[in-house]
Amino acid sequence: MALVRFEELSFAYPHARQRAVDRFSLSIEEGEYVVLSGPSGCGKTTLLRHAKPELIPAGAREGAVYFEEKPLGELEPLAAAADIGFVQQDPDNQIVTDFVWHELAFGLENLALPVPVIRRRVAEMAAFFGMEPWFRKRTVELSGGQKQLINLASVLAMSPRLLILDEPTAMLDPLAARNLLDTVRRVNRELGVAVLLTEHRLEQVFPAADRVVIMERGRLLSCGAPQEIARTLGTQMGQSRVWLGLPATVRIFAQLGAERLPLTVRDGRMALKGYLRDKTVPAQAESIKKARPIKQKPVLSAHELWFRYGETERDVLRGLDISLYKGELMCLLGGNGAGKSTLLQALVGTQKPYRGKVSALKGEKVCMLPQNAKMLFVTDTVKGELLDCAEDDEAKAADMADRLELTALLARHPYDLSGGETERLAIAKLLLRDADVLLLDEPTKGLDASAKQSLAELLQSLCRDGVSILVVTHDVEFAARYADRCALMFDGEILSEDEPHAFFAENRFYTTDANRVAREYFPNAITSEEVIALCESCS
Amino acid sequence: MSDMRMRYFNNLHPAVSMSYFITVLAFTLACFHPVMAGLSLMGSAAFSFRLRGKKAFFATLRFIAPMFLFIAIANPLFNHRGVTMLFLLFDQWITLEAILYGLVSACTLCAIVMWFTCYQEVMTSDKFLYLFGKLAPATALLITMTLRFVPELKQNAREIRNAQKMLRNEDTRLFQKLGTAMRNLSVLLTMSMESAVGTADSMKARGYGEKRRTTFHLFRFDGRDTRVLALMLTLAGICFAGRIYGHGYMEFYPAMTAAVMGTPSVTMFVVFGLLMALPTFLEAKETVIWRSYGLKS
């Protein structure tokens, strides 16, 4: 008996021309781990909401969803709330109460359980998640990753049999994301809870999943074990937008025509060894390098910046030097708490360093794109947003819309845009304000692979037009592929900076998956394309 | 919350701490008497100092001291009742009764303010909600949600202001400043409303609104609570009896009644003093115990 079964489900939002979900059938067994993937806007969230009675959207529906062979609508409300857990994207707005212990108990309070029972369940959850150190903290004091763990724990405290997660890591940095996904996997393995998850970071969930479902334009495209899916997508490479999101190892070996596709770096290294066994690797694999932009005076530079948030607090920036040159795309990498976001604020002037100096070239306007780009939006249409910054000059706004591919979206509400579109609109607004230097804080957060690619292409074209861009990111793959220069920040200082190939070749762990797989043979190759090209050149 | 100092009184069951504060306030108000008011002020000041540390205590003192002086001086200046006339000031008699009455009023009022500073430190929102949440679970939840929401709102407001600086130059003229503030506020509202939709979903998804909910808490009524409550009730009982028989209370106008009426009055002062010193004593005991551990190791 299937735990949950979608049967020929179709759904359209009111006034929508297209169906968001189109004749979708799938059944999930007890204890299964299913990953649902697809480009943004393909109907994943709509589908997931149909499996949670309280969240079913309003609109025209055909087909049905069954939970243990009972139509979802006929479930007893409290049982449905407990049996089906749902975790959303945003870590902040799911939290209801002010203390961690209270949040963990929220669902159980709603079930009207007696206090001693709640006490035990909450204790069990806190222990399972290792939350004891922050059990009595206020929820506002926690990091995004911790908040999302609480959301997960609070749902699990109700002991669900099916756990649905809608892009739970979209707002998290990679470290917190990995932690959360590991926990989800533990929940699945150790507690036997069935998991239905949507996720862009396929390299994280691919090895863990029992089944992967690919969805496109509301339809089920393919469904099967990760291996099979990798092979199916591999044969029709480039045709699906999902392809770009596959783990680097899969992409490399699918292109090389390998029989079995490795899913992890470890397997990838073995497979590469096998592949190159009877081939001669050129002694000095040609070193690849991007042309450096000619060094002139930097458009934006900081000299020996020292910064702390309060007189008695620790130093966040410790004598930091950084320069950004005209027309370059520079990526600043580094772990959590290295001071990256603080540095951006110091560069743009919203925080004042207590020693050292930030100087911009005369006439260069420095603008920062906040992590939550919605903070720049003030009207209710995309067009209105553009006009707001173009002094109501229609032609100028239309021009910018054209340049940033926003023309098709002009009538939409800015809050209805996808992640990538939101970033584009925000950048458009800053450009209309004559920004010459853009500082971007984690622009790739929550973007799927193809949105990431189009954002990168946009940034590169802006650089060609003379805009200088500094991106703070955790996304190693993004930096490797698109940056002109990379810098590593640690403990308030810049430790190293170089052109990406040299930069990553020097690192041992902090590097791309493709480089990890191939560094024994091709230390300079950092993207899967480069590894593929080098492999194919071996005879 | 991060303060990990030993806090005996803070860790008592909320019902015990709440009854203590109610008792203390009731007696402070009911016993209008120089000794009683003085004891209450001393007790509250000692506890406030102990609980909140030097810096916060002196900050409170800075506004309590002028208040004390103001009341103590204003009463004899404007109130001329009383029979013991001391001297003439601006053609008005200043009386001993009025001076003493002013002093006692000032003491009482300052004591109440001091007790409230302690109350705020001890009775945090979660304790208050635990005590009164059972009466109105929905209201209790609403308060909890508000307490979470406000700091987040402040944070967002600050970030929005910084973000909007990228689009608009900060203008110092009043009218423009107001315009910018309105604009930022509308962004904040839109964002908050959007986030409220997510919160509502998350509440529904966890079964909110299906049944009358229980209110969870982490408090336990243990042996220590029983002992402190018993001690407190004994002391309060004695004071109550004393007050019924007219001890620890004075009339000032037109003439002062006797301040001390034999041994029972003195007993009552001692007992009342103990009651006022109870929390400070409990806290101090804890520190002494820890120091002695330190000596042993």
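User: How much of chain B is buried?
Analyst: In this predicted model, buried residues make up 28% of the 297 residues in chain B, where a residue counts as buried if 20 or more other C-beta atoms, placed from the backbone, lie within 10 Å of its own, as exposed if 12 or fewer do, and as partly exposed in between. Local features need pLDDT of at least 70 and side-chain atom pairs count only at pLDDT 80 or more, while totals for chains, interfaces and linings use all residues. Residues are numbered from 1 along each chain as its sequence is written, and chains are lettered from A in the order in which they are written.

User: What secondary structure does chain B have?
Analyst: Chain B comes to 8 helices and 2 strands, in the order α-α-β-β-α-α-α-α-α-α along the sequence; helices are DSSP runs of H or I with at least four residues, strands are runs of E with at least two, and both are numbered from the N terminus.

User: And is chain B a compact globule or more spread out?
Analyst: It is more spread out than a compact globule, because its radius of gyration is 26 Å, well over the 19 Å that the globule rule gives for 297 residues. That radius is taken over C-alpha atoms, and the rule is 2.2 Å times the number of residues to the power 0.38. Along the principal axes, the C-alpha atoms of chain B fill a box of roughly 75 × 60 × 50 Å.

User: Which residues of α4(B) are buried?
Analyst: In this helix, residues 125-133, they are Asp126(B), Leu129(B), Tyr130(B) and Gly133(B). They lie on the same side of α4(B), because they cover an arc of only 105° around the axis, the arc being that of the directions from the helix axis to the C-beta atoms. An α-helix has 3.6 residues a turn, so residues three or four places apart point the same way.

User: What do they pack against?
Analyst: The buried residues of α4(B) pack against α1 (14-30) and α5 (137-165) of chain B, with two residues in contact if their C-beta atoms, placed from the backbone, lie within 7 Å.

User: How many residues of chain B are in contact with chain A?
Analyst: 40 residues of chain B are in contact with 52 residues of chain A. On the side of chain B that touches chain A, the elements that give two or more residues are α5 and α6 (174-205) of chain B, and α6(B) gives the most, with 13 residues.

User: Switching to chain A, what about α14(A), is it enclosed or in the open?
Analyst: It is largely enclosed by the rest of the structure, because 13 of its 14 residues are buried. The helix α14(A), residues 419-432, is followed by Asp434(A), whose phi is positive, near 60°.

User: Which strand pairs with β1(A)?
Analyst: β1(A), residues 4-12, pairs with β4(A), residues 60-67, in the antiparallel sense over 7 bridges, and Ala12(A) has Ala60(A) as its bridge partner.

Terms used. The expected span of a helix is 1.5 Å times one less than its number of residues. Two strands pair if DSSP finds at least two bridges between them.
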